[in-house]
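Subject: Handover of a structure and its findings

Dear colleague,

Please find below the structure that I am passing on to you.

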Amino acid sequence: MKYLFILAVLIGSCKASNTSTSKGAPAPTESQDLLTEESRQIDDSMVKIEFKNRSGAQLSILNPMEKRVDLWSADGWTKVNILYCDCGAPPCPAPPTERPVGVDRNFTFSWDRQIENCLETDSGRITKKTDAPKGEYRVLYSFKDANESTNQLEARFTLE
């Protein structure tokens with residue numbers, strides 16, 4: 001009987017300990033804990049980074065069609081120009097303002113390693129594309145978590 005009582009106390013204290021630990025654990029504060037990098041592919045023509053929602057709740061990528069890519073230089077980070085629509089083309093539909101990413105679902109960033117600018121020519125506006133130079137880059141996305149707080153996702157990569 002004495003052993004049953006001790007066993008019951010031990011089991012009860014283990015359950016209490018587990019319950020308080022799981023409820024008392026702070027939610028991840030780092031955005032990298034909410035969206036984690038799943039895979040990365042960098043070759044001569046493409047950068048593709050896949051992120052997975054590990055937050056336990058739906059997230060929303062803000063302005064998902066805006067590819068915010070920065071290049072590191074001695075002056076700091078400089079935004080690389082990447083256009084949503086080609087210059088001189090018919091108007092593009094407005095991009096979505098948010099893209100939901102469900103629990104354990106993926107969001108993929110892809111970039112063709114091209115820097116894009118609009119040029120005025122005699123025949124109209126055209127898009128001029130140039131290869132991105134070698135260097136250290138980062139991609140940035142803003143996203144909302146389940147509490148509607150805005151977070152920043154950053155992934156760095158090197159083009160050689």
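Two strands are said to pair if DSSP finds at least two bridges between them. Helices (H or I, at least four residues) and strands (E, at least two) are DSSP runs, numbered from the N terminus. This is a predicted model, in which local features need pLDDT of at least 70 and side-chain atom pairs count only at pLDDT 80 or more, while totals for chains, interfaces and linings use all residues. Residues are numbered from 1 along each chain as its sequence is written, and side-chain values use heavy atoms, with hydrogens and water left out.

Overall composition

The protein chain contains 2 helices and 11 strands. Along the sequence, their pattern reads α-α-β-β-β-β-β-β-β-β-β-β-β. Of the 160 residues in the protein chain, 28% are buried; here buried means under 20% relative accessible area, exposed means over 50%, and partly exposed lies in between (1.4 Å probe, protein chains only).

The open sheet

An open sheet is formed by 3 strands in the order β1-β2-β7, with antiparallel pairing. β1 (35-42) and β7 (106-111) are at the edges and have a single partner strand each, so one side of each is without a neighbour in the sheet. From one strand to the next, the twist averages 15°; for such angles, axes are lines fitted to C-alpha atoms (for helices over the stretch in contact), and angles run from 0 to 180 degrees between N-to-C directions.

Strands of a sheet pair through backbone hydrogen bonds, either parallel or antiparallel. Between β1 and β2 (residues 47-53), which run antiparallel, there are 7 bridges. Thr-36 faces Lys-52 in β2, and Glu-37 is opposite Phe-51 in β2. β1 and β2 make up a hairpin, with 4 residues between them.

The disulfides

A disulfide is taken to be a pair of cysteine sulfur atoms within 2.5 Å, and the structure has 2 of them. Counting bonded cysteines along the chain, the disulfides follow the pattern 1-3, 2-4.

Cys-92 is partly exposed, at a relative accessible area of 34%.

The other joins Cys-87 to Cys-118, with an S to S distance of 1.6 Å. Cys-87 lies in the loop between β5 (76-79) and β6 (98-101) and Cys-118 in strand β8 (residues 114-121), so this pair ties together parts that are 31 residues apart in sequence. The link of Cys-87 and Cys-118 is left-handed, with -75° about the S-S bond. Cys-87 is buried, with a relative accessible area of 10%, whereas Cys-118 is partly exposed at 33%.

A buried phenylalanine

Phe-143 belongs to strand β10 (residues 135-144). Its relative accessible area is 0%, so Phe-143 is buried. Phe-143 and Leu-62 are 81 residues apart in sequence, yet their C-alpha atoms are 5.1 Å apart in space.

The largest pocket

On a 1 Å grid over the protein atoms alone, a pocket is an open set of points with protein on both sides within 12 Å along at least five of seven lines, and lining residues have an atom within 4 Å of a point. The largest pocket is lined by 14 residues, of which Lys-67, Ile-82, Leu-83, Tyr-84 and Glu-116 lie nearest its centre.

Yours sincerely

Note on methods:
1 Å grid on protein atoms, 1.4 Å probe; cavity = no way out; pocket = protein on both sides within 12 Å on 5 of 7 lines; lining within 4 Å.
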